[in-house]
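The sequence and structure come before the discussion.

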Amino acid sequence: MNDYRSEQIDVIKGRNHLLYKVLWGFFIVDLLIDFWVDPEIALFMLPLGAVVFSIVTYLSISNRHPVFTMYFTVSSFYFFLFCLLWVQPIMVNYLYIWFCFMLSTIYHQYRVIVYAGLLSIAMSSYFFLADRELFANVEDYDLIFIILFFVFVTLFFSLSSQFTESLRLNSEKREKQTASKLTETREYFHSIISQTADAILVQSQKGVVMTVNRAFFELYGWNEEEMKNIPFQHIPATQKMVFNEVLSKIVKGEAVSGYEMVNQKKSGELFPVSVTFSPIRNGDGSIRAIAGIYRDITEAKRTEELIIQSEKLSVIGQLAAGVAHEIRNPLAILSGFVQFMREEKISEEYTGIMLTEINRMNQILEEYMQLAKAKPFTASELDLTALVKETLVLMEAFASLSNISIHYTMQADNCMIKGDANSLKQVLINLIKNAVEASEQGSKIEVSVKRTSGYATIEVKDEGQGLAHEDLKRLGEPFFTKKETGTGLGLMVSFKIIELHQGEITVTSEPNTGTIFSVMLPELNNNK
């Protein structure tokens, strides 16, 4: 057994098990035929075969000495055939020597094949010489050809078995190398996944959790049992529609990198994450699962807010200079009128101009203070539709002074959002006020509320002169305005308020076609 490797021993054990079953089958069939043709021979072969094949069966099942069992098994069916030829010397039984040799090739061991070949040559020679009546039509020298035939067959199967064994060993070697590489790769990626600080989640297309790493448990608060084989609930209701749109892109084979969204922890706490999604494919190219790498960007957002606040403070000096420049003109006018009042009585026309300039200064100072002062932000659930209606009641009177009508269209009701009511009213008032001031008398302003991909959207559309493309890029900059008495600070404040609500303001405009301001806010009940 020292000449055989463990893999060969395992193969020999399997072939031993196979052959003892084949031998029993051959024995039973032979007995049935013998009982039918010659019962006396059957009675002689029954105990002989039962003893020999029982020993083969015991050795094969015990697996104690598989190599010895292999040679004993080959020897046993030659012995059984020898006894059969001894008591029943017919040509058919003689041909079974070839069958015994073929059975030995099952092992694919050249030594066993050579051993079986020698036994075949010995048995053929013996019965050829011992029973010439059986071979009456065959010349004596034909024995040489019979022996050569078995020699050639033995050589062929020996070489074939060696070649087959070499192929098998090479195949096993490559398989082991491939398995080793796969194991190393699996351990390598497992080490990366388990040690990385980013949370990793692998889900099926139905959302069932397949794989998560340690960082994911630590970040979200769930444990492995709570996440096993269930759709993971880390996407809040306000984000599900947007998340489904992202998943539809991934299912089409697209990768999504650095997508920012809001996730939910086990405790219910919401926090911002940056996610990279990529599809995992099967061998046929179909998508098997979706891998997501989640990075908590809470601190990054806080840092960003601090940077923005710092930048805002850094430009306060510039704003102060701008405010001083804007106020200098009305102050000069007021100074002139005060000098004029010392000399003679001032008319109502002049006092009206003075009041206009004072109001203009007051407006500049108020908008400047709104920008510079950080107001407390109180978020609560709001019905955006009701909020818009309340604001329109206030603004309709203002618009009517300029002979401008406001048309309200409610394309969606019960649009629930989370935000600060006063801040959102301020934004809506700024937009409608700008629309009124940009419109001519007799025109109309259209205000509508609708749902768009998980967002509640307010649209304010006017029939004014519109804006050029280069002007659209500058909207929200301090002191950029197309109005004669504007400051641009109102829009700057509005953009900031909507940003704090995790929303967005988009502007669509062309010269001479009017302007549309769209305010998009995340909706709470987007499933309605």
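A charge sits over a ring if NZ of Lys or CZ of Arg is within 6 Å of the ring centre and within 35 degrees of the ring normal. In this predicted model, Lys265 places its charged end over the ring of Phe271, at 5.0 Å from the ring centre.

**Aromatic pairs**

Tyr220 belongs to helix α7 (residues 214-220) and Tyr294 to strand β5 (residues 287-296), so the pair ties together parts that are 74 residues apart in sequence. Tyr220 is buried, at 1% relative accessible area. Tyr294 likewise counts as buried, with 1% relative accessibility. Elsewhere, ring pairs link Trp24, Phe26, Phe27, Phe53 and Phe80 into a cluster.

**Packing of α12 and α13**

Helix α12 (residues 384-400) packs with helix α13 (residues 421-438) at an angle of about 35°, and the axes are 10 Å apart. The crossing of α12 past α13 is right-handed. On the α12 side, the residues in contact are Leu387, Val388, Glu390, Thr391, Leu392, Met395, Phe398 and Ala399. They meet Ala421, Leu424, Lys425, Leu428, Ile429, Ile432, Lys433 and Val436 of α13. Sorted by class, this contact of α12 with α13 has 12 nonpolar, 1 polar and 3 charged residues.

**Two single residues**

Asn16 is part of helix α1 (residues 6-37). Is Asn16 buried or exposed? Its relative accessible area is 1%, which is under the 20% limit, so Asn16 is buried. Leaving aside residues up to four places away in sequence, Asn16 touches Ser60, Pro66, Thr69, Met70, Thr73 and Tyr107.

Gly285 lies in the loop between β4 (270-281) and β5. At 33% relative accessibility, Gly285 falls between the limits of 20% and 50% and therefore counts as partly exposed. Gly285 and Gly253 are separated by 32 residues in sequence, while their C-alpha atoms are 9.7 Å apart in space.

The accessibility values are collected below.

| Residue | Relative accessibility | Class |
|---|---|---|
| Tyr220 | 1% | buried |
| Tyr294 | 1% | buried |
| Asn16 | 1% | buried |
| Gly285 | 33% | partly exposed |

Conventions
Residues are numbered from 1 along each chain as its sequence is written. This is a predicted model: local features need pLDDT of at least 70, side-chain atom pairs count only at pLDDT 80 or more; totals for chains, interfaces and linings use all residues. Side-chain values use heavy atoms; hydrogens and water are left out. Axes are lines fitted to C-alpha atoms, for helices over the stretch in contact, and angles run from 0 to 180 degrees between N-to-C directions. Helices (H or I, at least four residues) and strands (E, at least two) are DSSP runs, numbered from the N terminus. A crossing is left-handed if the near helix is turned anticlockwise from the far one by less than a right angle, and right-handed if clockwise. Contact means heavy atoms within 4.5 Å. Ala, Val, Leu, Ile, Met, Phe, Trp, Tyr, Cys and Pro count as nonpolar, Asp, Glu, Lys and Arg as charged, and the others, Gly among them, as polar. Buried means under 20% relative accessible area, exposed over 50%, partly exposed in between (1.4 Å probe, protein chains only). Rings of Phe, Tyr and Trp (its six-membered ring) pair if their centres lie within 6.5 Å; planes under 30 degrees apart count as stacked, over 60 as edge-to-face and the rest as tilted.
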